[in-house]
Amino acid sequence: MPTSEHISVLLCDLHETPELEALDAATRDVMAARLHAICGEVAQRLGGQVLPWVCDGVAVFFGHPRAQHDDALRAVRCGWEILRSLEAACQVIEREFGLRPSARLAIATGPGGAGPDGTDAFGDVPRTAAAVQAAGAPDRVTVDAATREQAGESFAFEGAGGELFAVAGPVADDDGHAPHEPPPLVGRRGERALLQALAERAAAGTRCAVLVRGEAGSGKTRLLENLSAGVRERLGMSVVRCACSPYHRGTALHPLLAGLGRHWEPDGSDASLGPARRRRATFAALADTLTAQAREAPLLLVVEDLHWADASTIELITTLLDGPRDVPLMVALTARSDFAAPSQRTLQRIELGRLDADESLRLVEHVAATGTLPAPVTSTLAAQAGGSPLLAVELTRTALATQDAAAPRASTLYGCLMARLDRDSTAREVARPAATIGRVFDRTLLEAVGTLESAALDWGLERLVQEDVVVAVGPGRYAFGHSLLQEAARSSQRKRALRTHNLQIARALLGQFPHVAAAEPERVARHFEYAGRPGRGALRRGHHGAHPRRPR
């Protein structure tokens, strides 16, 4: 007799429409292949066994050959993540073939297992799943009552008719975190308490400042993200975020002007001023705007990565720290451990150390909560991270994405990135030139310098977002999740390929984006220099200093 364990079966196939049936075999094969690739990737990560199904379809079995207590929940999560991935893939297919396909996903749960002779004995569960699929709507995940009951409270469901339910989406867990939100801020209680006290002091009308120092990946940005969200909600403070860049060290006041750009309007009154007077006018305009904005509503000014700041930015921040005390302004700065902090007496300092063993394990367990990593693996990952929050998160994400007992497990940030990029050659070919452009990059420039067609570029970008390598920060604009991830992708190229990408970027900026080249000539020069052609970087710059503007 077969065992009486429960299994969950997920079915996924293309929804038949007259338009789909009219396609030629080659086009339909392309669509089916992408469907199979997405289902296989998500299923492998969540511990499902993938088998071919009828025509274009795929069946994913949970609970066989190894049963787990949350098989139904993992099946629902698998269906939901497949649907999200298919939405992006179908957008690319529509641009490529002029037809947007739909998919049908269904899940059923019931008794099943393996017979004594080793043969599969799945019982009626696959047939039930096929019936659910036939009754369900396209582009939805439809489940039977048994799956709904066993999936617990991790997902919200809507009635789909009779004893069927449609998955509405994941709900927050016990800590209030949705599954795809950034990892929690683990530990740092003393640091958070100090930042909160300083914010309350600023909101009450007294200027204050703090510098958070720590090694790369220690969680400086995450700590200030937590602060920013808190002061908005609890204290009603406005937040302005600025970030220094290693590529703009030669551009005066670049991080502040870029971060404050949406609050300013051009003021042409300085057109006849010389460089020295124009610089002083810019300083005055920036200081006046920050003070005026803070007096109108308490303000938190965040300036990250001060170790990459230009001299003028450091000077202006020093001026702010020496300014009037009766201003509801908090200045929060971050820098790496070896940065020499300004000597102002009013500047508080926070030194971020590494997480302890328990904190590292809590962080790994939270990131792994939606996956299937056993306890010994999470303990190993926490130990490998060595107290680095960034490495703990990336090691865990990579372990979830590449669950293969026979494959070596990544142990470095570079190894994590390459393990995920190696699973999709298109994503890898997008990540490398993108990283050469910089931590933040525009799709239009990336398309101009790359060799991929538009549809493949969109597919690669979506894969990078799904792999948590980059995040969308605006229409057609992306950023690597951390500067260390960007550097890892950049350094993964051979020297010749890296030079070629830099040369392509420099030429594209000059030829297709002259407004960018005119505003940031040092950026063009840098790419020419990295391409091995420093003479081309000696461009006729003219005046490209910062122009003072008026607050809106």
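Keep in mind that the model is predicted.

**Stop 1: the second largest cavity.** Select Arg420, Leu421, Asp424, Ala427, Arg463, Leu464 and Glu467. Together they line the second largest cavity, whose volume is about 30 Å³. Now colour the selection by class. Four of the lining residues are charged and three are nonpolar, with no polar ones.

Next, show the helices. Which helices each supply at least two residues of this lining? They are H14, spanning 413-421, and H17, spanning 454-466.

**Stop 2: His501.** Move on to helix H19, residues 495-512, and pick out His501 within that helix. Is His501 buried or exposed? His501 counts as buried, because its relative accessibility is 17%, and the cut-off for buried is under 20%.

Now display what touches His501. Set aside its neighbours within four places in sequence. The contacts are then Arg432, Pro433, Thr436 and Gln493.

**Stop 3: the whole chain.** Zoom out and switch to a cartoon view. The protein chain has 21 helices and 19 strands. Of its 552 residues, 50% are buried.

Finish with the surface. The accessible area of the protein chain is about 25200 Å². Carbon and sulfur atoms account for 51% of that area.

Key: Residues numbered from 1 in each chain as written. Predicted model: local features only at pLDDT ≥ 70, side-chain atom pairs only at ≥ 80, totals over all residues. Heavy atoms only, no water. 1 Å grid on protein atoms, 1.4 Å probe; cavity = no way out; pocket = protein on both sides within 12 Å on 5 of 7 lines; lining within 4 Å. Points joined across faces, edges and corners; volume = space filled by probe spheres on them. Helix = DSSP H or I, 4+ residues; strand = E, 2+ residues; numbered from the N terminus. Nonpolar A, V, L, I, M, F, W, Y, C, P; charged D, E, K, R; others polar. Buried < 20%, exposed > 50% of the residue type's maximum accessible area, 1.4 Å probe, protein only. Contact = heavy atoms within 4.5 Å. Areas by Shrake-Rupley, 256 points an atom, 1.4 Å probe, with all protein chains shown as cover.
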